[in-house]
Amino acid sequence: MMKSKWFAIMLIIVLAIVPGIFTLIVNTDVTAKAASASMATQNWQASFSVALKKNKITEEYVYITTEKGSKVPATIELLEDQKTIVVKKLAPGNYQLHVKKEAFAQGGLNVASQTIPFTIIETLTAVKSEKELQQYFKKLLTTQRVEIREEESLQSTASEDKATANNESTTNNQVEGVEEGDIVVVKDGFIYTAKDQSITVVNAKDPKNLKMATSIKLKHSQYISKLALYDNLLIAIGDQYIEKAGTAMVTASIYDISNPSNPKHVRDVGQEGFLQDIRITNDTLYLIGNMYPNYWMLQEDNKTDLKPKIFDSMAGTEYQSLPLEKISILPNTMDGTYSLITAVDLKNGAKTTANTKGYLGGSSGLYMSEKALYLTTPMYESSIDVSSEKRVMDMIWLPRSADTQIFKWNVDGTTLNFVGSTEVKGTVLNQYSMDEYKGNFRIFTTEGNTWNEKSTSYNHLFILDEHLKPLGAVKDMAPGEKIYSARFMGEKAYVVTFKQVDPLFVIDVANPKKPAVLGELKIPGFSNYLHPLDDTHLIGIGYDTEQRYDSYTKRNFTVTTNMKMSLFDVSDFRNPKEQSTVKIGGKGSSSEVQYNPKALFRNKEYNYFGFPVVLYEAGKGDEVVYQGQGAQIYEITAEKGIVLKGNIINRNNNESYENGEQVVQRVVYIDDTLYTIARNEIKSYQLNDFKPLDTLTIK
């Protein structure tokens with residue numbers, strides 16, 4: 001009886017343990033993630049779900065062969081994570097990486113030797129067949145990854161604040177000669193403003209009598225996000241859902257505005273997916289976007305069309321799949337997203353066929369000069385041994401650190417030539433953290449996360465040559481902080497980092513092989529945006545901050561208070577100074593210019609700089625009290641500093657918060673008149689004294 005009892009107890013214990021043993025065995029499956037191709041100028045790497053033994057990274061256990069099985073000499077290294085193998089110095093060709101099971105640190109019945117095929121390429125080639133395209137996506141399905149991209153905000157050669165021949169506002173572009181577009185544009189005394197599915201055209205030739213010239217109605221499902229001008233063409237860029245094609249499209253609708261009161265539709269050009277941004281340079285419009293195909297449908301139907309759809313009204317009325325010869329797989333990527341680039345020749349009324357290229361490998365940031373396009377994408381730490389659900393939750397609560405992959409194309413009109421790709425440590429903030437100067441590419445990044453006390457964050461500057469080969473770097477700036485704004489100005493670069501105070505770094509980049517920090521200024525607050533005033537002065541727009549004490553955690557913490565604008569004097573590069581500063585509103589006040597430089601108003605004749613503002617003041621406790629909204633205009637000079645000239649504020653009429661329809665979105669000028677543009681009205685003012693002239697209601 002006693003024996004039976006003990007037997008029953010032991011059986012229960014074994015049954016309880018066995019599932020755990022079984023799970024342990026099953027979980028020792030080895031999964032690998034590796035790109036199918038890499039450029040000869042880059043290293044190729046493979047990441048495994050199981051760690052490897054450093055003493056087993058030898059020719060006996062880890063080696064490279066040709067596709068026919070012959071061993072080839074190669075430099076093979078194991079990274080610090082002990083799960084990633086890097087292969088260097090291989091000539092173009094088809095290869096296989098062999099990893100014997102003895103090289104893996106974790107034993108088990110399901111740990112097997114691994115063989116991974118890959119290709120080293122000299123130039124980017126088009127996908128050769130539907131089968132090759134499907135194989136790419138099927139490989140993704142076997143190592144499915146879910147990623148949440150860090151947004152690289154909608155941001156170098158300093159762009160001068162030039163007026164047009166007609167003395168009117170222009171878009172605040174980053175690079176001179178490269179147009180970026182905005183929601184409001186001005187031409188020949190007419191103001192064009194985007195609102196949902198329509199474009200309002202206002203005749204502002206008589207500022208005391210503003211008139212509605214016309215309204216351009218776009219398709220019901222097309223929401224306009226950008227307007228741009230080229231000669232007598234108005235280009236409206238919008239995202240829309242095409243029911244006929246069953247997908248979302250980015251569409252550029254082009255109009256002839258030779259007669260602004262009667263615009264003529266010229267053509268529509270579209271690409272599947274969503275807009276990243278646009279550029280216009282050298283008579284060419286570039287649409288840059290991303291498209292994510294439903295490749296998991298391959299599990300149900302091998303005939304699923306995974307090619308992006310395109311549309312050009314000059315070529316017909318039907319949506320077409322992008323031909324295979326227009327699709328390439330970017331090196332060192334395993335991303336199921338397409339980066340799509342459509343180039344449209346705008347000469348002669350934009351009547352030649354558009355050229356669309358699709359590149360497998362998504363992107364989230366871009367910088368463009370007159371001769372080159374750079375796309376960037378974050379590359380997160382490998383986590384292929386973790387379930388997709390857990391990865392998503394981990395990234396929400398504990399965002400993973402990432403590096404940045406950079407892709408470069410040389411551009412010549414509608415011709416795009418892929419140059420290559422590379423990786424740099426850390427992530428890039430926005431387009432203003434990137435720049436091209438004398439053929440070299442320069443980029444600021446932040447490595448790590450400021451919230452993670454166990455791992456210090458660092459900030460870096462990397463300089464790469466025209467082939468994306470490293471030239472020089474400044475590393476490990478401002479430990480524990482992250483970049484909030486950056487600006488390149490020829491042979492000098494400026495970067496603002498922040499956690500508790502605002503260090504402005506002045507960096508000499510004249511010698512690309514030996515960049516060096518010249519000076520540093522620490523002040524309270526931080527600048528979200530830096531704008532050049534002249535060669536030795538910078539305008540910074542951001543927030544003021546203050547330190548508070550948390551009695552629960554027994555720690556100090558930093559909070560933002562009012563908006564702040566500073567004028568930095570960097571004439572002594574080793575000793576930068578905050579020459580002048582103004583505080584704007586109180587706690588809770590803000591301006592779109594802090595995250596969108598397009599909202600900056602500039603007038604060189606009057607030395608004016610301005611922006612829309614929404615003003616709040618501190619109330620009881622943590623409450624904020626709405627004060628009003630409108631625009632503020634400042635005269636900013638090296639001699640006088642910052643002087644408020646126009647305080648165009650619609651004061652609070654017992655409202656608790658601002659009315660979105662009345663909030664000023666842009667401030668522009670035509671000759672001696674200033675205009676504020678909101679969704680429901682345009683107002684005109686004298687530019688010299690800001691006396692109100694007229695109001696036009698937009699319905």
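Over how many bridges do E15 and strand E16 pair? In this predicted model, E15 and E16, the latter covering residues 247-256, are joined over ten bridges, and the pairing is antiparallel. One of these bridges links Gln240 to its partner Met249 in E16. The hairpin that E15 and E16 form has four residues between the strands, and in it Gly246 takes a positive phi near 70 degrees.

E15 also pairs with strand E14, residues 222-230, in the antiparallel sense, here over eight bridges. Across this pair, Leu229 stands opposite Leu234 in E15. The hairpin of E14 and E15 has two residues between the strands, and Asp231 there has a positive phi near 50 degrees. Strand E15 itself runs over residues 233-242 and is mostly covered, with eight of its ten residues buried.

Strands of a sheet are held in pairs by backbone hydrogen bonds, in either a parallel or an antiparallel arrangement.

Ile199 has Ile216 in E13 as its bridge partner.

Another open sheet of four strands has the order E25-E26-E27-E28, again with antiparallel pairing. Why is one side of E25 and of E28 left without a neighbour in the sheet? Strand E25 (365-368) and strand E28 (415-424) stand at the edges and each has a single partner strand, so one side of each has no neighbour in the sheet. The twist in this sheet averages 20 degrees from one strand to the next. Strand E27, residues 402-412, pairs with E28 over nine bridges in the antiparallel sense. Among the paired residues are Ile406 and its bridge partner in E28, Thr422.

Where does Glu67 lie? Glu67 is found in the loop between strand E4 (62-66) and strand E5 (71-72). Is Glu67 buried or exposed? Its relative accessibility is 55%, and exposed means over 50%, so Glu67 counts as exposed. Leaving aside neighbours within four places in sequence, Glu67 is in contact with Asn94 and Tyr95. Phe118 is 51 residues away from Glu67 along the chain, yet the C-alpha atoms of the two are separated by 9.1 Å.

The last topic is empty space inside the model. Rolling a probe the size of a water molecule over the atoms shows where such space is left. The largest cavity has a volume of about 50 Å³. Strand E44 (641-651), strand E46 (673-678) and strand E47 (681-686) are the elements that give two or more residues to its lining. E47 gives the most, with three residues. The residues that line the largest cavity include Ile648, Asn650, Thr676, Ala678, Glu681, Lys683 and Tyr685. Gly630, Gln662 and Val664 are also among the lining residues of this cavity. By class, the lining has four nonpolar, four polar and two charged residues.

How values were computed. Residues are numbered from 1 along each chain as its sequence is written. This is a predicted model: local features need pLDDT of at least 70, side-chain atom pairs count only at pLDDT 80 or more; totals for chains, interfaces and linings use all residues. Side-chain values use heavy atoms; hydrogens and water are left out. Buried means under 20% relative accessible area, exposed over 50%, partly exposed in between (1.4 Å probe, protein chains only). Contact means heavy atoms within 4.5 Å. On a 1 Å grid over the protein atoms alone, a cavity is a set of points where a 1.4 Å probe fits but cannot get out, and a pocket is an open set with protein on both sides within 12 Å along at least five of seven lines; lining residues have an atom within 4 Å of a point. Grid points are joined across faces, edges and corners, and a volume is the space filled by probe spheres set on the points. Ala, Val, Leu, Ile, Met, Phe, Trp, Tyr, Cys and Pro count as nonpolar, Asp, Glu, Lys and Arg as charged, and the others, Gly among them, as polar. Two strands pair if DSSP finds at least two bridges between them. Axes are lines fitted to C-alpha atoms, for helices over the stretch in contact, and angles run from 0 to 180 degrees between N-to-C directions.
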